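Thanks for passing this one along.

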Amino acid sequence: MYRPALAMVAATVATFVVPSTALALQPIDTFLAGARANHPDAVAADATYRQREAEVGQARGRLLPSLTARGTYTHNQFEVKATLPGAGELVITPQNQVDALFLLDVPIVDLASFARYGAQKKQAELADAVRAQTRRALEERVVRAYYLYAATAGLGQTAERTLELAEKNKKNVSDKLEAGLASPLDLERAIANVERAKQDVADAVLSKTLSARALETLSRIAPEAVTALPEDDLHDEGTLDAWVAAIDPNLPQRRVAESERKLAEASRDAAKLTFVPALSAQAQERLTNATGFTGRVGTYALSATLSFRFDFGQVAQLDAAKAAQEASLARAEGARRSTEDAVVEAYHRIAASLAKARAARAQARAADKAASIAEDRYAAGTSTQLDVTQAQRDAFSANVGRIQADLDLAQSRAVLRLATGKPLSFRTSGDRPSP
């Protein structure tokens, strides 16, 4: 009587372990794109980059000529006039005085400002690298949330199917009890098995709801229902050296560290150049009805200014810039090492996940066989209903573990590719299927 129930368990698990093309959930790239476009961290990083780009334009503008125009009206209490021989009457100060001033300022030599402009460009490059790093961190969070949702969805479907089987088993035991072929103890155990299955369903529903919410929060995309789970072919990932060699030199972490180093160097150069005088030229045109003794409404003036400023704060500023440069060099070296460490960790996690997946599949096969044996022995009267119930629970747990192991492996593979900056479909030449 338990053979149909065990067949249903096997069929249920088989529907979960199928090629990834049968996974009804949207492709992971859909959620990755959604996170990059809509997550607040990504939006804020984009805005910061645009801000830094605008600040580069501001710094560039300080190196270009500037024009100032100013108009002034003044009412004087007394008008001042003078009469000069041969010149007639001159208005020195009119009672209603109008002045217009146009000033053109042209920087000629300002090395400190030019260095600050270079530092601002490095600041924009750093903002771009931070934006890429933010997206990289979001991608890893999306990958983990994606596979967690897929796992909880599969576990939920398995738990619901197990509850159906437990309820059917309870009815079968109840029928046997009425026929005098089972004991009241068998019925109570079947009832307890149903209630335990209900708890499993409740836990699965909660996990699925929370994981779906987490994935939607990251990507702003509501995940669709999962009708099947992917099966990994258990291929090896080639050699560790091949993956280390495949690391993208422009990984966001490395770009951030390198941009910080370049910014520190530019800031140091700008601090040095504050000790260099700045030279600028000015052209001024003045229009006024207070012509004075010249008698001319418009006059111009040309000037050149050489400026130099020194204070002890400049020395401290230079020392601080040098220390910041040393720190950035250390961080750049640490970033190079940490990216390699991330690849090494991800690679070995895959090796461990492969071992777990193989063991989980073997465990599931053994548990299914044990459940079949328990059912045969119960039918022959050499085993108890408790043995059958426990064997079914063990088979359920083993098959759930198999699903989880496969999804953990898929997640680990994705993290390895993110750590190297490669597409999720990337494989090294040394990859090979594993039995």
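1. Confidence first: this is a predicted model, and its protein chain has an average pLDDT of 82. A score of at least 70 is reached by 91% of the residues.

2. Please read the start of the chain with care. Over residues 1–22 the pLDDT stays under 50, and the model has 48 contacts beyond four places in sequence for this stretch.

3. Now to the second largest pocket, whose volume is about 340 Å³. Its lining is made up of 16 residues, and those closest to the centre are Arg144, Arg349, Ser353, Gln411 and Ser412.

4. Which elements give two or more residues to that lining? They are α4 (111–178), α8 (312–379) and α9 (385–420). Of the elements, α8 gives the most, with 7 residues.

5. Let me pick out Ser412, one of the residues closest to the pocket centre. Ser412 sits in helix α9. Is Ser412 buried or exposed? Its relative accessibility is 12%, and because the cut-off for buried is under 20%, Ser412 counts as buried.

6. Finally, the surroundings of Ser412. Setting aside neighbours within four places in sequence, Ser412 is in contact with Arg349, Ile350 and Ser353.

Key: Residues are numbered from 1 along each chain as its sequence is written. This is a predicted model: local features need pLDDT of at least 70, side-chain atom pairs count only at pLDDT 80 or more; totals for chains, interfaces and linings use all residues. Side-chain values use heavy atoms; hydrogens and water are left out. pLDDT is the predictor's confidence in each residue, from 0 to 100. Contact means heavy atoms within 4.5 Å. On a 1 Å grid over the protein atoms alone, a cavity is a set of points where a 1.4 Å probe fits but cannot get out, and a pocket is an open set with protein on both sides within 12 Å along at least five of seven lines; lining residues have an atom within 4 Å of a point. Grid points are joined across faces, edges and corners, and a volume is the space filled by probe spheres set on the points. Helices (H or I, at least four residues) and strands (E, at least two) are DSSP runs, numbered from the N terminus. Buried means under 20% relative accessible area, exposed over 50%, partly exposed in between (1.4 Å probe, protein chains only).
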